[in-house]
2 protein chains.
Amino acid sequence: SVNPDLSSERQTASFSVERLMALLDGGAEQTRIRRAVVEAIESDPVFSRENQYFQTQNERYEAAVRKAVHLQKKMHEMGWTENGPEYKYIYRALSGDVAFLLHRVFMRSISVLGSDKQIAKWIPLATQHKLIGSYAQTELGHGTYLQGLETTAVFDTATQEFILNTPKISAMKWWPGDMGRSATHTVVFAQLYIHGKCYGIHPFIVQIRSLQDHSPCPGITVGDIGPKMNFEHIDNGYLLLKNVRVPRENMLSKFCEVQPDGTYVRQGSQKINYFTMTTVRISLISDEVLTPLMKACTIAIRYSVVRRQSKLKPGEQEAKILDYQTQQEKLLPQLAAAYAFHFTNDYLQELFNRGYREIQRKNFDMLPELHALSSGFKAVITQHCTAGVEICLRACGGHGYSLLSGLPSLYTKILASCIYEGENTILLLQTARFLIKCFMAARAGQPVPPSVTYLAAVKHGKCPAKNKLDFLSPDIYTEAYQHVAVRLTSSTAAKLQDLIQSGVKKHDAWNQCTVQLVQAAKAHCHYIAVKNFAETVEKLKTKAGIQRIMKHLCDLFALHGIFSNTGAFLHDGYTSAAQMDMVTASYLDLLAVIRKDAVPLVDAFDFTDQSLNSALGSYDGQVYQRLYEWAQKSPTNQMSPAYERYLKPLLHNTLSKL
Amino acid sequence: SVNPDLSSERQTASFSVERLMALLDGGAEQTRIRRAVVEAIESDPVFSRENQYFQTQNERYEAAVRKAVHLQKKMHEMGWTENGPEYKYIYRALSGDVAFLLHRVFMRSISVLGSDKQIAKWIPLATQHKLIGSYAQTELGHGTYLQGLETTAVFDTATQEFILNTPKISAMKWWPGDMGRSATHTVVFAQLYIHGKCYGIHPFIVQIRSLQDHSPCPGITVGDIGPKMNFEHIDNGYLLLKNVRVPRENMLSKFCEVQPDGTYVRQGSQKINYFTMTTVRISLISDEVLTPLMKACTIAIRYSVVRRQSKLKPGEQEAKILDYQTQQEKLLPQLAAAYAFHFTNDYLQELFNRGYREIQRKNFDMLPELHALSSGFKAVITQHCTAGVEICLRACGGHGYSLLSGLPSLYTKILASCIYEGENTILLLQTARFLIKCFMAARAGQPVPPSVTYLAAVKHGKCPAKNKLDFLSPDIYTEAYQHVAVRLTSSTAAKLQDLIQSGVKKHDAWNQCTVQLVQAAKAHCHYIAVKNFAETVEKLKTKAGIQRIMKHLCDLFALHGIFSNTGAFLHDGYTSAAQMDMVTASYLDLLAVIRKDAVPLVDAFDFTDQSLNSALGSYDGQVYQRLYEWAQKSPTNQMSPAYERYLKPLLHNTLSKL
């Protein structure tokens, strides 16, 4: 039975949850397929996550391997293929709790970087799991700065082999997933040396464990890097190489080849690599970043309508905590952000599909813009969503702090997204470099990519809003965001030029501007996200109920951004103090409006109880019952040897006399 | 041998680390005592934390009990007593990794709330550990709102007993530390009923487990609440009571007593309770909040001078990451905050000591101010320090994400401080209520407590700063903080009055102002913290080297607060845009200045390698070696059954045919 405090929230929905779900999924048919996948996965006990919060790192790893192996069978049974419409829902249905993800990266690397011959040799072996692959790039001493990698691959013309070494401790490969305990092969990135000359980083296929008994191959030291904040199910590994020899054919050679005599030949265009990297950054947004925030919102909002605490009015029943303005102000902006970034992701996907089509036609013009957008949005969305999950966790008080709420795991996992696939600050600076370049070009009258043409416009206007309702006009707030992005970019460009003109060296000048450059890059992305959300809402014209609530969320997303960062908008007087008070008023009004639809808005994310794995977030809202029943199953409720060993002697005063 | 990249940082210190350490400790003699305690604890293998990151929740609990029992012996051996100068350093030296902390709260409750007779009976039993106590207040359904607790204690005149019940699942006690597995007794807070009339919440001593075999007593259901984000070493418990009878003498009766015929007698002043609660909030700041931030700063800053990544200038060696402005901007404000709040804590301690002396003289005048300050600062400091630890973690990239860095545990533990002992938002609203009351009183010409007299002054001036150096003047920035605190308080008070005058009911009006009230409370505390830091620096006059660097940190703390919250200062034009640019310039300049002393500034916190328990933060800076050696010891490097069970059949293609 559903908790009446939760079911009452559903009865007053101002829109059709099913229709919104279809909008999020990209059509009702997609919803159907997704649900079928979820149903098939969740009804299979091998994929259960029931004991997850009680398991050790070793147990989590074993379960993930078991699931990965079982998944092969399941896919066959269900008739799911890697190119079928179901495929993209599998990972979500498993909540990512599965091994061999790097095996897929291993295969993708070979497909993208390997010659036709290499593809023909390795891909079938990998597909049939005659080997388990990994991807060994990051080292103890180098992550973001790939040029600094220290692993070496020296070509030996005599034997036609590469000799691989990790010559210093800092050169040791560190972090590769699936490598600590599972992988038999990996792609090692190393500095290529031929006849004493360094040709930079290249990829090599290296076997690291015996296919017979899984023992490390000669010259290989491999193991697991130990406990992490999350990802207990993944065996992130370390790898030392000591004079490990691989044949010449093992250097992935679609773009570069070493000929038998040691001649180095570069062929084809490496620009596609650039594109691959950006694709990865975009592809992680949905499953790794938006899904956790949507789950956190679902858990925290459902909990906030069944948790009653203190009284809003004396003499009345205790109030649902979501009726407190401070609780709304914590949770509803996160909900709005989840929707906003869902649509940003659609926008980025479409842009990338377009980019991919162009690239296939050998047109690489879109690459710089795509790189800047993927870098900036990867950073902005991961940062925003990580902060959002943390807010949801804290908003649930003590119960949010229990692992059984599901929120701690969501947080500790999403946090990693701020670091992997490019550390966020580094990525924002790449976006900023693009912005500064485009800004200079635009001001010089040169053409610039579409997403930055706005930088060309020199405006010194003021915000035209006259009352608080004006701030519910997308034109008004989008313009304000644009203004801030232009101002931050132009003022930082000016500072940079001033420093250089005053004699500061270019690289020092850049470093002295980086804090502000990061601000400019964030403002740029924030502007595009707001603009895109507003445009998306505009297109929903015909679906009245849905459009109205999406419009509210868009307004909230935009006004929350202004309210949380008033200085940027007030700075040059574009927005006046009186206008800022209107923003605040409209923003706070919106909270009360959206609060009414908060539960239907998270219901539309359509997470099953199994996928939430949360005592606070289940569809029926029976929070206390669930916490109690679940806690009783905890291994901490088994008899502890501490009683006989320490407590009993203490209480019975039979400890050796002090 | 110390990593040369780290030792070079120490050679250029602009001040004496030992002298700064003595300042932080409150004198060189205190430093000596502290070190002696640390030495005694760390040289005892029972107190080792070496395997902590590899242990399960059960193992952590057992180790904590073992340490708690062993500590009794150790204290006896060392001649340490609960009133001795060493006592306060023990918990820090153990990094809080010890059981029976609630046993002390149990004892304190009896001392504060019990009659002389009750104290005489229970305290000796507890002191000799003939029982293990706990403190059962929070319920599944109620945390912050104590009046809503649902546990009942009905007086039965016939048997002269109280009958205790947790009548609903939401009434179940939930979270009490030491209760899940260890405690034999607890203080239960319950609604007292006599002859059908409710007299509100009262404390009762209840035995929950047999002193013979530790089995639950009749009517008692007790257990552990399961896995949490941290605090694995503590057995937070649940407790159900079904017609549990305790004798009349078990109600703690210093302030209230039930006579044999059921007559309820209130005696003495309950105001002391009010004071106890505020004392607890202050007392946790040092060990639970500042220490973790100081450790996180130590780890992240030491790591940032041995980690080299990418190049600042082409052709040069890779740069220490602390030389990047963005890295400085992440870490150095956290360092400044650690110092700022250390001095805030001194200020609060002194205030509370004064308050205590007054209370002993039956003068309760200071209580409202002390309550407001303890609530506000508990919230502001825990929030700020939690965010700071998270920034330190992220600033260490992938290595920060490893449990072996020590940072994840610091984060997951400090996060709880935002929730326990009063949820932060609730606390800030209590401070805000005090501010609004004082503001109204002050404007009406009535006297108000010293910390809020500034609210009386109606000023409409502008910030007088003329160049960026002016913003290094404490008068300039302290005044700016004061202005913002007054503005936020007065504007929210005005909004509140407007709403009420326009017919909105008082409680609704309050709710509609809470987001802004929270802002006002934060601004008030921030102002006091800045002012106190500036005054502390002023008093350091004679100690030149120390004063100079403390002045820099004070400036950084103040300017970082402005830079991060420019809107509050720009809003009414008190600070102009041009002045804000000066703030930014001075702020960024300061980063480069303080960066030079960053390592000596964390060395002064004087954490041993054992207490940091971090592969990144050790005194010698041998980061990579330590990570590698430590990882090899991880249980994840033991043979996994997953190979034989799943990997081998997969690789050998002997899985049952698909």
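Visitor: Taking rings of Phe, Tyr and Trp (its six-membered ring) as a pair if their centres lie within 6.5 Å, with planes under 30 degrees apart called stacked, over 60 edge-to-face and the rest tilted, how many aromatic pairs are there over all chains?

Guide: By this rule the count over all chains comes to 39 aromatic pairs. Bear in mind that this is a predicted model, in which local features need pLDDT of at least 70 and side-chain atom pairs count only at pLDDT 80 or more, while totals for chains, interfaces and linings use all residues. Residues are numbered from 1 along each chain as its sequence is written, chains are lettered from A and ligands numbered from 1 in the order in which they are written, and side-chain values use heavy atoms, with hydrogens and water left out.

Visitor: OK, and what sort of pair do Tyr53(A) and Trp630(A) form?

Guide: Tyr53(A) and Trp630(A) form a tilted pair, with 5.8 Å from centre to centre and 50° between the planes. Because Tyr53(A) lies in the loop between α3 (28-42) and α4 (57-78) of chain A and Trp630(A) in helix α21 (residues 623-632) of chain A, the pair ties together parts that are 577 residues apart in sequence. Helices here are DSSP runs of H or I with at least four residues, strands are runs of E with at least two, and both are numbered from the N terminus.

Visitor: Moving to helices, at what angle do α10 of chain A and α10 of chain B pack?

Guide: The two α10 helices, residues 367-395 in chain A and residues 367-395 in chain B, pack at about 140° with their axes 14 Å apart; axes are lines fitted to C-alpha atoms, for helices over the stretch in contact, and angles run from 0 to 180 degrees between N-to-C directions. α10(A) and α10(B) are therefore oblique to each other, given that angles under 35 degrees count as roughly parallel, over 145 as roughly antiparallel, 65 to 115 as roughly perpendicular and the rest as oblique.

Visitor: Which residues make the contact there?

Guide: With contact meaning heavy atoms within 4.5 Å, α10(A) contributes Gln383(A), Thr386(A), Glu390(A) and Arg394(A), and α10(B) contributes Gln383(B), Thr386(B), Glu390(B) and Arg394(B). By class, that contact has no nonpolar, four polar and four charged residues, where Ala, Val, Leu, Ile, Met, Phe, Trp, Tyr, Cys and Pro count as nonpolar, Asp, Glu, Lys and Arg as charged, and the others, Gly among them, as polar.

Visitor: And within chain A, how do α9 and α18 cross?

Guide: Helix α9 (residues 325-360) and helix α18 (residues 577-595) of chain A cross at roughly 80°, and their axes come within 10 Å, so α9(A) and α18(A) are roughly perpendicular to each other. Gln325(A), Gln328(A), Glu329(A), Leu332(A) and Pro333(A) of α9(A) meet Tyr587(A), Leu588(A), Leu591(A), Ala592(A), Ile594(A) and Arg595(A) of α18(A), and this contact comprises seven nonpolar, two polar and two charged residues.

Visitor: Now the strands: how many bridges join β5 to β6 in chain A?

Guide: Strands β5 (residues 185-194) and β6 (residues 197-207) of chain A run antiparallel and are joined by nine bridges, two strands being paired if DSSP finds at least two bridges between them. Phe189(A) has Pro203(A) as its bridge partner in β6(A). The hairpin of β5(A) and β6(A) has two residues between the strands, and His195(A) takes a positive phi near 50° in this hairpin.

Visitor: What about the open sheet in chain A, which are its edge strands?

Guide: That open sheet has three strands in the order β4-β8-β7, with antiparallel pairing, and its edge strands are β4 (173-174) and β7 (220-224), each of which pairs on one side only. β7(A) pairs with strand β8 (residues 237-241) of chain A over five bridges in the antiparallel sense, and Asp224(A) stands opposite Gly237(A) in β8(A).
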